[in-house]
Amino acid sequence: MHPPTCKHVHSLRSRLLLLCIGLLGFAVWTGCTNDSPPPERFLASTDTLFEATGEERQAALDALQDVERTALDTAFQRLERHAFTRYNRTEQFTPRNEMNAYVERTTRHGNDTSPEVLHADSAGTFQTGFLDRFFATDDVDLLPAELVDYAVPDEPAYLSEREQEAFRYRLRSDTLASGHPVDVVDVAAQPGEVGADQSIRYARVYVDPESREMVGFYIVHSDDGWLFNEDSRFFVTLRPVDGTWLPHVTRFRAQVGVPLRAPVTFGASAAYYAYN
């Protein structure tokens, strides 16, 4: 899936990188340091380090190999064929994890009409300086369409035969996601040096048992680089509407750290409903 063509659309990773460069440049220019202790990095919780037998591991790997991504990769493009209501909220947090600013909207989208704003609210000021344009907090349609591309690459490391020893795998059935029965595949990076180099620390993949379509996911990323480090969490679920898989809930939260500056934490969430 490719992001929609739009002069205001930049990839999510580009926005994160530009934010880091901007924050780093500002820190060097001002000579400021922050004496507050950094917040804890929000990685996968310890309960994701599950145990699985060899048979359970193989069953999960087999399930992952059969997964289709068509529904997930095209869900947001299919929105233009429907009328729906969308609630969207974007947030930024202080280094102490206190709310710094938020903007939220509820909009009604028609097939051939401009969105109607049903509710709007905001508070605080987003502190990203000249990089505000890359976050586009006034554009309620920008982030979620790119969320799938960024969070789940076409060939994630946990599907590569060369990397599979660095992960644990588990398959669970008879689970509900967005009120629909699904199979769930859990993937976790191995503790210690074995899984240390993996940027995907944990993944939960929701699979429709009949079509084998991937209809949701929860993924925890952790990237450490010389310029910045990033911890992020992504959650997306689809729901069937008249036989078509459409977006239901999206959530995203990222914490970005650069030298000489306190980490920047921001998030976005959206819910799609009242389809017709």
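Two strands are taken to pair if DSSP finds at least two bridges between them; helices (H or I, at least four residues) and strands (E, at least two) are DSSP runs, numbered from the N terminus. This is a predicted model, in which local features need pLDDT of at least 70 and side-chain atom pairs count only at pLDDT 80 or more, while totals for chains, interfaces and linings use all residues. Residues are numbered from 1 along each chain as its sequence is written, and side-chain values use heavy atoms, with hydrogens and water left out.

The secondary structure of the chain comprises 5 helices and 10 strands. An open sheet is formed by 10 strands in the order E3-E2-E1-E10-E9-E8-E7-E6-E5-E4, with antiparallel pairing. E3 and strand E4 (167-177) stand at the edges with a single partner strand each, so one side of each is left without a neighbour in the sheet. From one strand to the next, the twist averages 10° (axes are lines fitted to C-alpha atoms, for helices over the stretch in contact, and angles run from 0 to 180 degrees between N-to-C directions). Strands E8 (residues 229-241) and E9 (residues 244-257) run antiparallel and are joined by 13 bridges; Phe 235 has Arg 251 in E9 as its bridge partner. Helix H2 (residues 54-65) lies across E4, strand E5 (180-189) and strand E6 (200-207), at about 70° to E4.

Confidence is expressed as pLDDT, the predictor's confidence in each residue, from 0 to 100. The chain averages a pLDDT of 77, and 74% of the residues score at least 70. Among the elements, helix H1 (residues 12-30) has the lowest mean pLDDT (43), and strand E3 (residues 116-124) the highest (93).

| Stretch | pLDDT | Contacts beyond four places in sequence |
|---|---|---|
| Residues 1-12 | under 50 | 26 contacts |
| Residues 130-138 | under 50 | 18 contacts |

Where pLDDT is low, the predicted coordinates should not be read in detail.

Of the 276 residues, 47% count as buried (under 20% relative accessible area; exposed is over 50%, partly exposed in between, with a 1.4 Å probe and protein chains only). Thr 106, in strand E2, is buried, with a relative accessible area of 12%. Beyond four places in sequence, Thr 106 touches residues including Tyr 87, Val 117 and Tyr 273. Gly 110 lies in the loop between strand E2 (99-109) and E3 and is partly exposed at 25% relative accessible area. Gly 110 contacts His 82 and Ala 83, leaving aside neighbours within four places in sequence.

Note on methods:
Contact means heavy atoms within 4.5 Å.
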